[in-house]
Amino acid sequence: MSTLTTAVAFEKYHGTGNEFLIVDATDPVPDRSAFATTHCDRSTGVGSDTDGQTGADGVLFLQLEDRFSPPRIIMTLVQPDGSVAPICGNGARCAAVWAMDRTDADSVMIDTQAGTRRATRVDDGIAVEMGEPTFAPDRLPLAGNRTEPLIEESVEGLTVTTVNTGVPQAVAFVDDIESVDIESAAPAVRHADVFPAGTNVTFAERTDSRREGVPRFRQRSYERGIEGETQACATGSVAIAAAASRIGLIESAAPVDISLPGGELRISATDRGELLLTGAVTHEFDGDLAAEGVDD
Ligand SMILES: N[C@H](CCC[C@H](N)C(=O)O)C(=O)O
C-alpha cells in the first residue's frame with residue numbers, strides 16, 4: 001500500500017551538543033508526538049553525512065510573530081518520547097538564532113509553557129533570561145501535601161536537592177562525576193514517587209575555577225522525555241547554581257561556570273537579579289522530513 005506523505009522542512013541546530021530539529025509551527029504536522037518519536041530516534045531518525053549523528057533530542061516547533069518588536073516566538077518542544085517539555089534552555093538559544101536569522105533582530109521574546117524568556121545576541125553566543133528558580137514543593141511539583149522543599153534528602157539512595165528552573169531538576173553533588181554510572185543511578189530518581197510529574201536528574205562536581213572568583217562545576221544530566229543522558233541540559237545548569245547557593249556550597253547563584261560534555265555555559269545575573277544563561281549555538285544542516293512521522 002502506498003502512503004501519501006507531505007514533506008516538511010526542518011533545520012537542525014545544537015546548543016552545547018543538545019540537538020534539536022526546528023520546524024516552522026505553521027507547517028502542517030498532523031501528529032507532533034509521532035513526528036518527534038520517528039525523526040529523533042537515535043538509530044533510525046534523521047541522519048546526515050556531515051555531523052555523523054542520527055536523530056535528535058527533540059523537535060522545536062516555532063511560531064514566529066515578527067509584527068512585534070522585539071519579535072516573539074511561540075516555542076513548543078516535543079521530546080523523543082512524544083511528551084512536551086515546558087521549556088529548554090539550550091533549545092531556547094537555538095530558537096533565538098532561528099528567529100534572529102529571519103528578522104535581523106538581536107533580541108527576541110520566547111513564549112514557553114514555563115513563561116516568557118528574553119534572549120539576546122552577545123559576543124559569545126546567546127544569553128537567555130531563565131526566570132526565577134523555585135524550591136516550592138507545589139511548583140516542583142512534589143507528591144502529597146508536602147510543605148517543605150526537598151533539600152539534600154535521599155531519594156532512591158541518591159542525595160538530591162530539587163528545584164524547578166522551568167522544568168523539575170533533582171541535583172546531586174558528587175565528588176567524581178566521571179565515575180557516576182548515570183544509566184543505573186538516574187532512572188529510579190527520575191521516576192521516584194515523590195515526583196508526580198517525573199524529574200530531570202543532574203549531577204554536579206565542583207571543580208577548579210577558570211575565571212578568578214567564579215565557581216565552576218562539571219555537569220552531566222539524565223533527561224526526562226529522552227530517558228537518557230544528553231550532551232547538555234541548560235535548565236540543569238541553572239539548577240546547579242541555584243541548588244549550590246541554597247545549600248551554601250557557593251555564596252550566590254551567579255556568576256557560575258558550567259562545563260558539560262557538549263561544551264561550556266555561563267550563568268550570570270541581570271540588573272534585576274534574574275539568572276542569565278549564556279552559551280553557543282550551532283546550525284548543523286537542513287532538509288525535509290515526512291510530516292506524518294513515517295519513513296515510507
Ligand atoms: N535540555 C533542556 C531541558 C529539557 C527538559 C526536559 N527533558 C523535561 O523536563 O522533560 C535544557 O537545555 O534545558
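Helix α3 (residues 182-190) has Ala186, Val189 and Arg190 as its buried residues; buried means that 20 or more other C-beta atoms, placed from the backbone, lie within 10 Å of a residue's own. Seen down the axis of α3, these residues fall within an arc of 95°, so they line one face of the helix. The arc is taken over the directions from the helix axis to the C-beta atoms. The model is predicted: local features need pLDDT of at least 70, side-chain atom pairs count only at pLDDT 80 or more, and totals for chains, interfaces and linings use all residues. Residues are numbered from 1 along each chain as its sequence is written.

**Around the helix**
- Cover for the buried residues of α3 includes β11 (168-173), β12 (200-207) and β13 (216-223).
- Helices (H or I, at least four residues) and strands (E, at least two) are DSSP runs, numbered from the N terminus.

**Strand β12**
- Six of the eight residues of β12 are buried, so the rest of the structure largely encloses this strand.
- β12 pairs with β11 in the parallel sense over five bridges; pairing needs at least two DSSP bridges.
- Gln169 stands opposite Asn200 in β12.
- β12 and β13 run antiparallel, joined by seven bridges.
- Arg206 has Phe217 in β13 as its bridge partner.

**Annotated residues**
- An unreviewed UniProt entry annotates a "binding site" that includes Asn200, Glu223 and Arg224; such annotations may be inferred rather than shown by experiment.
- Glu223 is in β13 and counts as buried, with 28 C-beta neighbours inside 10 Å.
- Arg224, in the loop between β13 and β14 (228-230), is buried, with 23 other C-beta atoms within 10 Å.
- Residues up to four places away in sequence aside, Arg224 touches Arg190, Gly198, Thr199 and Asn200; contact means C-beta atoms, placed from the backbone, within 7 Å.

Technical notes
A residue is buried if 20 or more other C-beta atoms lie within 10 Å of its own, exposed if 12 or fewer, and partly exposed in between; C-beta atoms are placed from the backbone. Two residues are in contact if their C-beta atoms, placed from the backbone, lie within 7 Å.
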